[in-house]
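Here are a few exercises to work through with the model open beside you. Try each task before reading its solution.

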Amino acid sequence: MVEHPNGTSRILVRLRSKVGKKHFVRAIGVMLAAILFWGLSKYLFQAAIRPNQVVLFVAMVWTLAFVFDHFQTEKTDAKAVLTESEKLQSQKMEAIGRLAGGVAHDFNNLLAVISGYSDLLLENLGSSDHHRAKLEQIKQAANSAAALTRQLLMFSRQQLIQPVTLDINQLVSNTGKMLRRLIRENIEFVVILEPNLDLVSADPGQIEQVILNLVVNARDALPTGGKLTIQTSNVRMENDSGQAGGGILPGRVVLLEVSDTGTGMDQETQAHIFEPFFTTKAVGKGTGLGLATVYGIVKQNNGRIEVQSTLGRGSSFKVYLPAVKHAELTGESAKYTENPDFSEETVLVVEDAKPLRDLICEALSRFGCTVLPACNVEEALQIVRRRKAAIDLLLTDVVMPGMDGTALAKEVRSLHPETKVLYMTGYSGTFIRTDMLNADVSLIRKPFTIDQLGHKIRKMLPANPGEGSRKGACPKENATAPRAVGARTSR
């Protein structure tokens with residue numbers, strides 16, 4: 001037998017469906033509290049409180065509770081929408097970063113070929129040759145494009161970083177002359193460096209890129225002149241309150257601040273400045289990657305970036321990087337001025353891009369290496385398995401069809417444990433980690449110059465390689481390696 005609800009029950013059911021379970025429970029609680037208050041007042045004060053007054057009181061209290069709860073719900077919903085918006089923004093930037101990384105990988109191979117053959121041709125041209133200026137323009141264009149791909153990779157955080165312990169003050173000082181050339185004469189350039197600045201662990205090239213991009217951004221915000229300031233200081237971070245660039249653990253951090261007295265930005269612009277390809281400059285005046293690159297570098301180095309700006313009064317960008325404790329400054333790598341010289345050290349070159357592979361083989365042959373070229377992993381393994389003599393170095397691309405370079409290196413070293421490995425890539429992805437690199441395993445970033453490659457290999461291989469490496473070269477394999485005119489075949 002079904003019990004039909006009476007009038008009061010129907011009203012409560014309808015009320016519950018209108019306001020929702022949470023509001024309904026709160027309303028019932030308020031009404032019960034009001035009834036208790038009515039009874040307590042009557043008992044304590046012998047007050048003659050009328051029922052209609054109680055109803056009015058309950059209605060007022062319930063209305064206030066409903067409005068307050070509705071306001072809290074709107075705040076919660078707005079916060080949830082904001083969180084979802086931030087999530088979508090993060091996913092969008094990650095997707096663009098993956099696309100940029102993939103494009104940069106293929107682009108780096110092409111740039112390495114353009115830059116490499118330009119170097120080889122420039123070596124054969126005299127200083128007065130009328131073609132030299134044209135070749136130098138080609139090389140300069142390749143270098144500019146290479147800088148753009150580095151920005152793409154830094155933004156996408158898919159470039160392998162090789163952090164060292166460094167002093168940001170030293171980087172600012174080293175780049176000071178270059179920065180002054182970038183700044184117009186009507187801009188006052190001020191550098192304020194903390195005397196006892198803490199050291200940080202970061203990739204020097206990346207931090208230089210941060211400084212350069214922030215200074216260029218500040219310069220462009222000063223079209224009629226003004227003041228541009230670079231400042232460093234030690235800061236103790238208490239909590240995570242950054243606007244962008246991720247969180248940073250509490251403790252000692254190093255602050256790098258670049259500020260200007262320029263045009264400033266409104267709130268709408270500030271909300272988009274770290275987005276890739278977003279720019280307020282005229283068409284052809286900017287790529288929209290400068291601040292996006294800074295954002296990516298800061299994230300990759302576990303730091304944080306903040307921006308403060310007022311329209312018409314200037315901007316300030318603050319980069320926070322964790323300080324390292326009890327660390328010694330890492331010395332700079334040696335600078336080479338002479339061409340590397342080899343004595344037929346055997347190098348197995350594995351690169352699926354034929355133009356780049358041919359370039360590398362020709363350059364190493366010029367340097368005096370015995371070159372074993374392979375167009376893919378399968379061919380490389382065939383060479384390794386049938387070769388009895390030692391292989392001094394495996395020079396391999398990382399991202400290749402089928403087996404990647406790290407897996408190939410593992411196979412090669414299982415057959416020739418003495419073989420050293422040099423990875424070449426412009427797109428590390430998840431294949432290469434810093435902890436995988438040591439004295440016998442290193443990496444060179446694409447696009448590299450011929451001299452950079454030669455000196456990198458010279459640094460990894462001993463000056464006087466074992467006789468077995470030279471005498472055991474396989475004539476059949478070596479015959480396939482491209483040789484330049486005048487390449488050395490013996491010493």
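This predicted model holds 13 salt bridges.

**Exercise 1.** Find the salt bridge between Lys139 and Asp119, and work out which parts of the chain it ties together.

*Solution.* Start with the contact: the side chains of Lys139 and Asp119 meet at 3.0 Å, N to O. Finally, check the cover. The cut-off for buried is under 20% relative accessible area. Lys139, at 17%, counts as buried, and Asp119 is buried too, at 13%.

**Exercise 2.** Are Lys446 and Asp397 buried or exposed, and what does their salt bridge connect?

*Solution.* First, the distance: the closest N and O atoms of Lys446 and Asp397 are 3.2 Å apart. Then the location: Lys446 sits in the loop between strand E12 (441–445) and helix H12 (450–460), while Asp397 is in strand E10 (residues 393–397), so parts that are 49 residues apart in sequence are tied together. Last, the accessibility: Lys446 counts as buried at 3%, and Asp397 counts as buried at 0%.

**Exercise 3.** Describe the salt bridge of Asp440 and Lys420, then find the partners of Glu123 in a network of salt bridges.

*Solution.* Begin with the pair: the side chains of Asp440 and Lys420 meet at 3.8 Å, N to O. Asp440 is in the loop between strand E11 (420–425) and E12, and Lys420 is in strand E11, 20 residues away. Asp440 has a relative accessible area of 28%, which makes this residue partly exposed. For the network, Glu123 is linked with Glu362 and Arg366.

**Exercise 4.** How many residues of helix H8 are buried, and what backbone feature comes just after H8?

*Solution.* Go along residues 290–300: nine of the 11 residues in H8 are buried, leaving the helix mostly covered. Among them are Leu291, Val294, Tyr295, Ile297 and Gln300. Then step past the end of H8 to Asn302, where phi is positive, at about 60°.

Technical notes
Residues are numbered from 1 along each chain as its sequence is written. This is a predicted model: local features need pLDDT of at least 70, side-chain atom pairs count only at pLDDT 80 or more; totals for chains, interfaces and linings use all residues. Side-chain values use heavy atoms; hydrogens and water are left out. Buried means under 20% relative accessible area, exposed over 50%, partly exposed in between (1.4 Å probe, protein chains only). Helices (H or I, at least four residues) and strands (E, at least two) are DSSP runs, numbered from the N terminus. A salt bridge is a side-chain nitrogen of Lys or Arg within 4 Å of a carboxyl oxygen of Asp or Glu.
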